[in-house]
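Please examine the structure shown here with attention to the packing of its helices.

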Amino acid sequence: MRTAYSVETVRAAERALMDRLPEGALMQRAAAGLAAACADVLRRRGRVYGARVVLLVGSGDNGGDALYAGARLARRGAGVRAVLTSPGRAHAGGAAALLAAGGRVVEPGTAPGEDTAPDGPLTAAWGGHVDLVVDGITGIGGRGGLRPDAAALVRAFTATGAAVVAVDLPSGIEADTGEVLGDAVRADATVTFGTYKPGLLVDPAAERAGALHLVDIGLGPELPDVPDLEALQYADLAALLPVPANESDKYRRGVVGIVAGSARYPGAAVLAVSGALRGGAGAVRYVGPGGGAVIARHPETLVHAGPPSKAGQVQAWVVGPGLGDGAEAAGAVGDVLAADVPVLVDADGLRLLDRDAVRARTAPTVLTPHAGEAAALLGVPREEVEAGRLAAVRELAERHRATVLLKGSTTLVAGADRNVPVRVNPTGTSWLATAGSGDVLSGLTGSLLAAGLVPRDAASAGAYLHGLAARYAADGSPVAAQDVAEAIPAAWRDVRA
């Protein structure tokens with residue numbers, strides 16, 4: 001499992017570790033890992049010896065890491081130039097090490113005749129060509145976007161077509177929240193130290209981090225057992241997925257009720273039922289006006305005219321996809337929320353639910369909004385949710401005393417208890433931006449709730465399988481929601497394997 005910790009927690013762990021190590025040892029560990037990762041990038045682009053590397057160096061420890069890593073690359077024959085974004089404030093030991101290894105240090109505005117533009121004297125001997133730019137401008141303590149002069153340097157050197165490697169995190173992003181509040185580096189890869197930081201896993205910042213490479217600097221024993229964020233991996237998911245035992249029957253495997261679809265959106269019913277059946281439900285009870293369409297596609301479905309409370313026993317309910325907004329739909333949502341079993345509310349159900357009714361429930365509730373629906377529930381603009389996804393999912397969970405799965409470029413799962421880590425789904429793909437894919441996710445997650453998974457695990461596993469299935473179904477080409485549903489068993493099989 002990937003875990004991420006806040007800046008405050010990381011700083012405390014670093015202090016505790018440095019107290020037990022010789023001075024400078026922690027920075028040397030970080031620099032060694034950074035240099036190795038940079039060398040790998042350069043080898044993939046041709047070679048290390050003779051490569052042209054520019055370090056963008058700030059005044060903090062990230063700048064020191066970059067300088068010491070640059071010295072290691074220079075000793076391997078790379079041409080290394082360090083451009084100081086805070087002249088006179090760079091890490092003295094790192095700068096000395098780079099100079100001793102044959103690198104150069106440039107302080108814009110203080111070195112006569114030097115020009116930090118890519119086609120100026122700094123790179124004239126290279127014909128204006130740079131192979132690698134190392135971003136060591138700001139560290140995890142940085143706040144807000146890059147200063148204008150630093151942003152100009154980033155734009156100039158990244159325009160050369162060089163690979164960009166960020167030190168610990170791309171400069172300009174918010175380490176704790178994943179927000180991007182101004183100009184920020186867009187890296188091809190980020191080399192982070194000791195542990196992941198939340199901003200590396202949550203969009204919009206995560207989208208700027210590129211491939212992530214974690215360098216072990218010995219921080220693990222100093223970190224708390226409970227992280228701020230976590231992301232499931234294959235082995236974690238495999239341990240969660242329910243597998244029928246020899247004595248299982250359809251009722252023991254879990255019966256999920258689906259209240260979805262309308263005269264206008266009958267397909268939502270079909271897709272939600274598809275997700276539930278492919279997600280391993282022992283049986284699906286469908287309630288709504290789309291019974292004919294559902295039976296035509298899935299004859300094994302148990303269809304009832306309603307209301308939901310009269311449809312028969314279920315272990316979990318899913319309500320909302322394509323339901324519409326009439327009185328009958330509102331009544332169905334209220335009827336489901338009154339049930340003493342886990343309930344997942346999606347789409348139209350989110351507009352129709354009564355927050356107090358959700359908060360008063362004794363059985364678990366899962367809400368699955370996209371950014372627009374989350375914004376409506378919070379009473380804020382959609383852009384605010386998209387810019388601060390982590391804050392939004394936590395606030396929604398607390399307000400409703402529910403588990404919230406916030407769909408989007410990085411799907412997040414949060415519970416009402418802030419002491420429990422938020423989960424980040426690592427399998428999301430842009431191919432899921434297609435009509436009906438959320439209906440499939442609702443049915444899939446509902447089936448996992450009916451199988452007995454706790455809401456946080458059901459939502460996390462549902463999002464993971466959903467994303468993986470979309471990747472399989474798309475395979476680089478356009479995909480429809482029903483294709484995603486059909487690929488769920490393949491995703492399940494590969495995770496279990």
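The model is predicted: local features need pLDDT of at least 70, side-chain atom pairs count only at pLDDT 80 or more, and totals for chains, interfaces and linings use all residues. Residues are numbered from 1 along each chain as its sequence is written, and side-chain values use heavy atoms, with hydrogens and water left out.

The chain contains 19 helices and 18 strands; these are DSSP runs numbered from the N terminus, helices being H or I of at least four residues and strands E of at least two. Along the principal axes, its C-alpha atoms fill a box of roughly 85 × 45 × 45 Å. Of the 497 residues, 55% are buried (buried means under 20% relative accessible area, exposed over 50%, and partly exposed in between, with a 1.4 Å probe and protein chains only). Among contacts with a separation of 6 or more, 68% are between residues 24 or more positions apart; a contact means heavy atoms within 4.5 Å.

Two packed helices are described by the angle between their axes and the distance between the axes. Helix α9 (residues 266-278) packs against helix α17 (residues 437-450) at an angle of about 40°, and their axes are 6 Å apart. Axes here are lines fitted to C-alpha atoms, for helices over the stretch in contact, and angles run from 0 to 180 degrees between N-to-C directions. The angle makes α9 oblique to α17 (under 35 degrees counts as roughly parallel, over 145 as roughly antiparallel, 65 to 115 as roughly perpendicular, and the rest as oblique). On the α9 side, the contact is made by Ala268, Leu271, Ala272, Gly275 and Ala276, and on the α17 side by Asp439, Val440, Gly443, Leu444 and Ser447. These residues divide into 6 nonpolar, 3 polar and 1 charged, where Ala, Val, Leu, Ile, Met, Phe, Trp, Tyr, Cys and Pro count as nonpolar, Asp, Glu, Lys and Arg as charged, and the others, Gly among them, as polar.

The second pair is formed by helix α14 (residues 371-378) and helix α16 (residues 389-400), which pack at an angle of about 50° with their axes 11 Å apart. They are therefore also oblique to each other. From α14, Ala374, Leu377 and Leu378 make the contact, while α16 contributes Ala392, Glu395, Leu396, Arg399 and His400. By class, this contact has 5 nonpolar, 1 polar and 2 charged residues.

How much of α14 is covered? Of its 8 residues, 6 are buried, namely Ala371, Glu373, Ala374, Ala375, Leu377 and Leu378. The cover over these residues includes α12 (348-352), α15 (382-387), α16 and β16 (403-406). Gly372, also found in α14, is partly exposed, with a relative accessible area of 21%. Just after the helix, Gly379 takes a positive phi of about 70°.

Lys197 is found in the loop between β7 (189-193) and β8 (211-215). Is Lys197 buried or exposed? Its relative accessibility is 1%, so Lys197 counts as buried. Leaving aside residues up to four places away in sequence, Lys197 touches Ala4, Tyr5, Val10, Ile140, Asp168, Ala175 and Thr192. With Thr192, the side chain of Lys197 makes a side-chain polar contact at 3.0 Å (a pair of N or O atoms within 3.5 Å; within protein, one must be able to donate a hydrogen and the other to accept it, and residues adjacent in sequence count only if both atoms are side-chain atoms).
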